[in-house]
Amino acid sequence: AIRRPGNPNDREPPPGYDIMMAVTDRGTPSRTTTKGIVIKVTDVNDNKPVFEKSRYEVDVNEDIPINSNILNVKADDADEGVNAETDYSIISQSHGQFFTISATGVISNLEKLDAESHRFHLLNISANDHLKPDFISFTTVEVTVKDVNDNTPTFNSTLFRCLAPESLSVDAAICAVTATDPGRNGHSALIPLL
């Protein structure tokens, strides 16, 4: 009998064995014959895909174009051939359908990003081999949208009335008006009129 060491039901690793067998008879004189045998262990789907990271984090500027590649997630499967093929899916997103994922794990934006509306996006990603039995793994991706100076300041009123006495000295302030910038880094500003 030929016995395989270790787990007899596991192909990974090694995928096969080269065995040299010898048979000796009980005659006089005894005779021996040797024969080489190659045993190939075929793969079954017995491993789940494993992501390189349990959590991914990426920063992107809010002014990137739609369909920009943001991040590539990857899950490896120790099986071989069709048993190692993995499909990726976005299971959930924190703010609607802003992102998509390709068959190769590339995440891209479906919509224009805006740091003022949603600064953080949390995506739950799955990797699935879709075989029987089917194995699935999960990871999360946190996308931080960085603000860029994409907003123009605006005055808080269309008309300002300022009175200045005749005796006002040169370079004295006449009145103050305010303007705001809706960007994350913007703020109200007091602008003196000279």
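Predicted model: local features only at pLDDT ≥ 70, side-chain atom pairs only at ≥ 80, totals over all residues.

User: Which side chain does aspartate 76 meet in a salt bridge?

Analyst: Lysine 74. The N to O distance is 2.9 Å.

User: And how accessible is lysine 74?

Analyst: Lysine 74 has 38% relative accessibility, so it is partly exposed too.

User: How many salt bridges does the count come to?

Analyst: Three. Besides the aspartate 76 pair, arginine 55 meets glutamate 57, and arginine 55 also meets glutamate 142.

User: Which residues do shared partners join into one network?

Analyst: Arg55, Glu57 and Glu142.

User: Give me the distances at arginine 55.

Analyst: To glutamate 57, 3.8 Å, N to O. To glutamate 142, 2.6 Å, N to O.

User: Where do glutamate 142 and arginine 55 lie?

Analyst: Glutamate 142 is in strand E11, residues 136–146, and arginine 55 is in strand E4.

User: Switching to backbone. Which peptide bond is cis?

Analyst: The one from threonine 28 to proline 29, with omega near -10 degrees. Most peptide bonds are trans.

User: Where does proline 29 lie?

Analyst: In the loop between strand E1 (16–24) and strand E2 (32–40).

User: In what sense do E1 and E2 pair, and over how many bridges?

Analyst: Antiparallel, over nine bridges. As one example of a bridge partner, methionine 20 has glycine 36 in E2.

User: How many buried residues does E2 have?

Analyst: Zero, among its nine residues. E2 is hardly covered.

User: What about phi of asparagine 67?

Analyst: Asparagine 67 has phi near 70 degrees, a positive value in a residue other than glycine. Most residues other than glycine have a negative phi.

User: Where is asparagine 67 found, and is it buried or exposed?

Analyst: Asparagine 67 sits in the loop between strand E4 (55–61) and strand E5 (69–72). It is exposed, because its relative accessible area is 53%.

User: Now E5. What sheet is it in?

Analyst: An open sheet of three strands, ordered E5-E9-E8, with antiparallel pairing.

User: Which strands stand at the edges?

Analyst: E5 and strand E8 (99–101). Each has a single partner strand, so one side of each is left without a neighbour in the sheet.

User: What angle are neighbouring strands of this sheet turned by?

Analyst: On average 25 degrees against each other, direction ignored.

User: And over how many bridges do E5 and E9 pair?

Analyst: Three, with E9 spanning residues 106–109. The pairing sense is antiparallel. Asparagine 69 has its bridge partner in E9, and that partner is serine 108.

Terms used: Residues numbered from 1 in each chain as written. Heavy atoms only, no water. Helix = DSSP H or I, 4+ residues; strand = E, 2+ residues; numbered from the N terminus. Buried < 20%, exposed > 50% of the residue type's maximum accessible area, 1.4 Å probe, protein only. Salt bridge = Lys/Arg side-chain N within 4 Å of Asp/Glu carboxyl O. Pairing = 2+ DSSP bridges. Axes fitted to C-alpha atoms, helices over the stretch in contact; angles between N-to-C directions.
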